[in-house]
Amino acid sequence: MSTPIDYLLHLADNAVVLGQRNAEWCGHGPILEEDLALANVSLDLIGQARLLYQRVAELKGGDASEDQLAYFRDAHEFRNYTLLELPHHGPLVGYAAADRDYATTIVRNFLYSALMVLVWDGLQNSADAGLAAIAAKSVKETSYHLHHARDWLVRMGDGTDESHARVQAAVDHLMPYTEEFWTTSPAEGAAVAAHVAVDVWALRPAWDAMVNDALAEATLSRPNFHGYVTEGKVGLHSEHLGFLLAEMQSLARAHPDGRW
Amino acid sequence: MNTPALKEWPLWEVFVRSKQGLEHKHCGSLHAADASQALHMARDVYTRRQEGVSIWVVPSASITASNPDDKGELFDPAADKIYRHPTFYEIPEEVGHM
């Protein structure tokens, strides 16, 4: 049985891109304790990405390696959700160096980890034994990420007027990007058919319940929206991914095969 | 909502029990808004290298500490009472290592 490589890359790229975004807070966290918490989340995600890239490299054979997959592919080859590559600030900021907004970071981590606890849970029964093992490890890490993000979502939503307004703005900004979760890409379809992947569509009621429950507790409202559904997972990205990759990949490309 | 934000979060003392250890040991302190948050932060700050299997957090304000200025009257009187140490007993051979 052949494991659909593109599906594994989708999972790996999700993890590495969000890991890189969370790592941008390293040394800049709002308080020391949160700085460490986010670095932990980031390292968990990068660890998940490494395992997945290693699995892809194993399946591809030849000179494929985790480093080559992470550092020597360009933006159009990445299969991550567009949600995960967005900068840490709301819309209407035309430049990447804007002040990071912690609410945006937290809401994004919440929306993604709420999905991934369900995905990893299901993937523990994947027909691909390697992926099932990665899922068993990742589901624990992701449960913690969800707990962390949900806790802050509620604290900020049910906090001061300013924290409420900022976290509501982040929810309004990011929620439309979650529509991408529910479309089926060719890679996902093939992987589901091969019993390697879980059908994300079937997870939607559980995800909706988790999100609605948290938003209600946080006294936040869930926005309605219609319109363009992003397609990062088929390689059509926002302009932000290129900048993210330029930073993430620059060292490896300047010193190919460097060891330190 | 409409709760005024605190300028500074309260301080918590963190106690961690290691895998081998029987008792929780003080390992440091941190700032957190409340007890459950303090627990999670303690997990991230103090158990990243598998240091522990159990965490306690205690509000630092709940700890009553002895005054360093009273060190003399509190502790010095014990200095010359060597008979309080159990070092004057012969341990029988059959007891072995204690």
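Q: Which word describes how α1(A) and α2(A) stand to each other, roughly parallel or roughly antiparallel?
A: This is a predicted model, in which local features need pLDDT of at least 70 and side-chain atom pairs count only at pLDDT 80 or more, while totals for chains, interfaces and linings use all residues. Residues are numbered from 1 along each chain as its sequence is written, and chains are lettered from A and ligands numbered from 1 in the order in which they are written. The axes (lines fitted to C-alpha atoms, for helices over the stretch in contact, with angles from 0 to 180 degrees between N-to-C directions) of helix α1 (residues 5–23) of chain A and helix α2 (residues 32–60) of chain A come within 8 Å and cross at roughly 155°. Angles under 35 degrees count as roughly parallel, over 145 as roughly antiparallel, 65 to 115 as roughly perpendicular and the rest as oblique, and α1(A) and α2(A) are therefore roughly antiparallel.

Q: What is the handedness of the crossing in which α1(A) passes α2(A)?
A: Helices (H or I, at least four residues) and strands (E, at least two) are DSSP runs, numbered from the N terminus. A crossing is left-handed if the near helix is turned anticlockwise from the far one by less than a right angle, and right-handed if clockwise. The crossing in which α1(A) passes α2(A) is left-handed.

Q: How many nonpolar residues are in the contact of α1(A) with α2(A)?
A: Ala, Val, Leu, Ile, Met, Phe, Trp, Tyr, Cys and Pro count as nonpolar, Asp, Glu, Lys and Arg as charged, and the others, Gly among them, as polar. By these classes, the contact of α1(A) with α2(A) has four polar and two charged residues. The nonpolar residues there number 18.

Q: Which word describes how α2(A) and α6(A) stand to each other, roughly parallel or roughly antiparallel?
A: The axes of α2(A) and helix α6 (residues 129–157) of chain A come within 10 Å, and the crossing angle is roughly 165°. Their crossing is left-handed. α2(A) and α6(A) are therefore roughly antiparallel.

Q: At what angle do the axes of α5(A) and α6(A) cross?
A: The crossing of α5(A) and α6(A) is left-handed. Their contact has 18 nonpolar, six polar and two charged residues. The axes come within 7 Å and cross at roughly 145°.

Q: Which residues are in contact with A:Leu52, leaving aside its neighbours within four places in sequence?
A: A:Leu52 is one of the members of the largest nonpolar core that touch the most others. Outside the four places on either side in sequence, its contacts are A:Leu8, A:Leu11, A:Ala12, A:Ala15 and A:Ile134.

Q: Which element gives the most residues to the side of chain B that touches chain A?
A: The contact takes 14 residues from chain B and 13 residues from chain A. On the side of chain B, β2 (25–31) and α1 (35–46) give two or more residues. With five residues, the most is given by α1(B).

Q: Is A:His195, with its positive phi, buried or exposed?
A: Phi of A:His195 is near 60°, although the residue is not glycine. A:His195 lies in the loop between α8 (186–193) and α9 (204–217) of chain A. A residue is buried if 20 or more other C-beta atoms lie within 10 Å of its own, exposed if 12 or fewer, and partly exposed in between, with C-beta atoms placed from the backbone. With 12 other C-beta atoms within 10 Å, A:His195 is exposed.

Q: How far apart in space are the C-alpha atoms of A:Thr184 and A:Asn212?
A: A:Thr184 is in the loop between α7 (161–174) and α8 of chain A, and counts as partly exposed with 14 C-beta neighbours inside 10 Å. A:Thr184 and A:Asn212 are 28 residues apart in sequence, and their C-alpha separation is 23 Å.

Conventions:
A nonpolar core is a set of buried Ala, Val, Leu, Ile, Met, Phe, Trp, Tyr and Cys residues joined through C-beta atoms within 7 Å. Two residues are in contact if their C-beta atoms, placed from the backbone, lie within 7 Å.
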